[in-house]
Amino acid sequence: MVKWDERYAGDEYFYGTEPNDFLKQHVALIEAGGRVLCLGEGEGRNAVFLARRGFSVTAVDQSPVGLEKARRLAAAHGVSLTTQVADLATYRIEPRHWHAIISIWCHLPATLRRSVHEQVVAGLVPGGLFLLEVYTPDQLKYGTGGPKELDLLPTLADLRIDLAPLTFEIGRELVRNVQEGRGHSGQSAVLQVLARK
C-alpha cells in the first residue's frame, strides 16, 4: 500500500493520462452506458476514458493517493467516477451487476488472482465482458515495467483455467511496444484477454 502511495505521489501521472491501447481498441464492445468496474485502477486514466464515453464507472484501488488523482483527472475532463479504496484480498465484486470488468496491469499473487477471477465471472451480467492486459513471465527479459516476481505474472493457460466459464473472444500472448508514462516504456511481453459471459 505504502509503495503505491509513494509511486503516485506528486503531480506527475506515473503511467500517464492516456488509456491503455488494448482497452481503447475494444471499448466499443462494451454495452453503451453500462456499468464498468476497473480493478487496480491507480491514477484513473482508464476509468476516466470510460467515463468520458458515457459509462458508469467504479474504480477500485488500494491507494487513496492514486484514487485522489483519478478524481482530479475526472474533474479535469468534466466527468465523475465512483472510487473505492480497497484491497482486492477483501473487496467483494457484486454478483451479476457489471456490463464490463477491466483489469489493466493488475498483477496479483496466483491464489488471490484465482479468487478475484472467480468473482469476476460471477460479477458479470450475461453478455458482460472481461478485458485484461498483464505482463507474462517473459516480461522478466525486457525489464520495461511490471513486477519481478513470477507468481505475479500469469500465462494464457493460467487464465483459461481461471476464467473457464467465460468465452474467450481474444486470448493471446504477444510482444508489443507499451508507452504509458514513465512506468511502462518499451517492448513488452504481454497477455491480452477479452472474454464474454
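Are tryptophan 105 and tyrosine 135 buried or exposed? Select both. Tryptophan 105 is buried, and tyrosine 135 is too. Keep in mind throughout that this is a predicted model.

**Stop 1: aromatic pairs**

Across the whole structure, a search finds 3 aromatic pairs. Begin with tryptophan 4 and tyrosine 8: their ring centres lie 5.8 Å apart and their planes meet at 35°, so this pair is tilted. Both belong to helix α1 (residues 2-8). They are 4 residues apart there, which means about one helical turn separates them. Tryptophan 4 is partly exposed, with 22% relative accessible area. Tyrosine 8 has 5% relative accessibility and so counts as buried.

Now go back to tryptophan 105 and tyrosine 135. This aromatic pair is stacked, at 4.3 Å centre to centre with 20° between the planes. It links distant parts of the chain, 30 residues apart. Tryptophan 105 is in the loop between β4 (98-104) and α5, while tyrosine 135 is in strand β5 (residues 124-135).

**Stop 2: charges over rings**

The charged end of arginine 7 sits over the tryptophan 4 ring, 4.7 Å from its centre. Next, select arginine 160 and phenylalanine 168. Here the charged end of arginine 160 sits over the ring of phenylalanine 168, 4.6 Å from the ring centre.

**Stop 3: the largest nonpolar core**

In soluble globular proteins, nonpolar side chains tend to be buried together. Select Ile30, Val36, Leu50, Val57, Leu81 and Ile102. These have the most contacts inside the largest nonpolar core, which has 32 residues. Helix α3 (residues 45-52) gives the most to this core: 5 residues.

Zoom in on leucine 50. Beyond residues up to four places away in sequence, leucine 50 touches Leu23, Val27, Ile30, Val36, Cys38, Phe55, Val57 and Ile102. Another core, of 27 residues, lies apart from the largest one. Its members include Leu39, Val121, Leu132 and Ala195.

**Stop 4: helix α3**

Colour α3 by burial. Of its 8 residues, 7 are buried, so the rest of the structure largely encloses this helix. The buried ones are Arg45, Asn46, Ala47, Val48, Phe49, Leu50 and Ala51. What covers them? The cover includes α2 (21-26), β1, β2 (56-61), α4, β4 and β6 (167-180). Glycine 54 follows α3 and has a positive phi, near 90°.

**Stop 5: cysteine 38**

Select cysteine 38 in strand β1 (residues 35-39). Its relative accessibility is 0%, so cysteine 38 counts as buried. Setting aside neighbours within four places in sequence, cysteine 38 is in contact with Ala47, Leu50, Val57, Thr58, Ala59, Val60 and Ile102. Now draw a distance to alanine 195.

**Stop 6: helix α4**

Select residues 64-76. This is α4, with 13 residues. From first C-alpha to last, α4 reaches 18 Å, close to the 18 Å expected at 1.5 Å a residue. Its buried residues are Gly66, Leu67, Lys69, Ala70, Leu73 and Ala74. Look down the axis: the buried residues of α4 fall within an arc of 155°, so they line one face of the helix. Turn to the face pointing away from the buried side. Ala75 and Ala76 are there, and they are exposed. Just after α4 comes glycine 78, with a positive phi of about 70°.

**Stop 7: helix α5**

Select α5, which has 14 residues. Its reach, first C-alpha to last, is 19 Å, close to the 20 Å expected at 1.5 Å a residue. Buried here are Ala110, Leu112, Arg113, Val116, His117, Gln119, Val120, Val121 and Gly123. These buried residues pack against β1, β4, β5 and α6 (156-162).

Finish on glutamine 119, which lies in this helix, residues 110-123. Why does glutamine 119 count as buried? Its relative accessibility is 13%, and buried means under 20%.

Key
Residues are numbered from 1 along each chain as its sequence is written. This is a predicted model: local features need pLDDT of at least 70, side-chain atom pairs count only at pLDDT 80 or more; totals for chains, interfaces and linings use all residues. Side-chain values use heavy atoms; hydrogens and water are left out. Helices (H or I, at least four residues) and strands (E, at least two) are DSSP runs, numbered from the N terminus. Buried means under 20% relative accessible area, exposed over 50%, partly exposed in between (1.4 Å probe, protein chains only). Contact means heavy atoms within 4.5 Å. The expected span of a helix is 1.5 Å times one less than its number of residues. The arc is that of the directions from the helix axis to the C-beta atoms. Rings of Phe, Tyr and Trp (its six-membered ring) pair if their centres lie within 6.5 Å; planes under 30 degrees apart count as stacked, over 60 as edge-to-face and the rest as tilted. A charge sits over a ring if NZ of Lys or CZ of Arg is within 6 Å of the ring centre and within 35 degrees of the ring normal. A nonpolar core is a set of buried Ala, Val, Leu, Ile, Met, Phe, Trp, Tyr and Cys residues joined through side-chain atoms within 4.5 Å.
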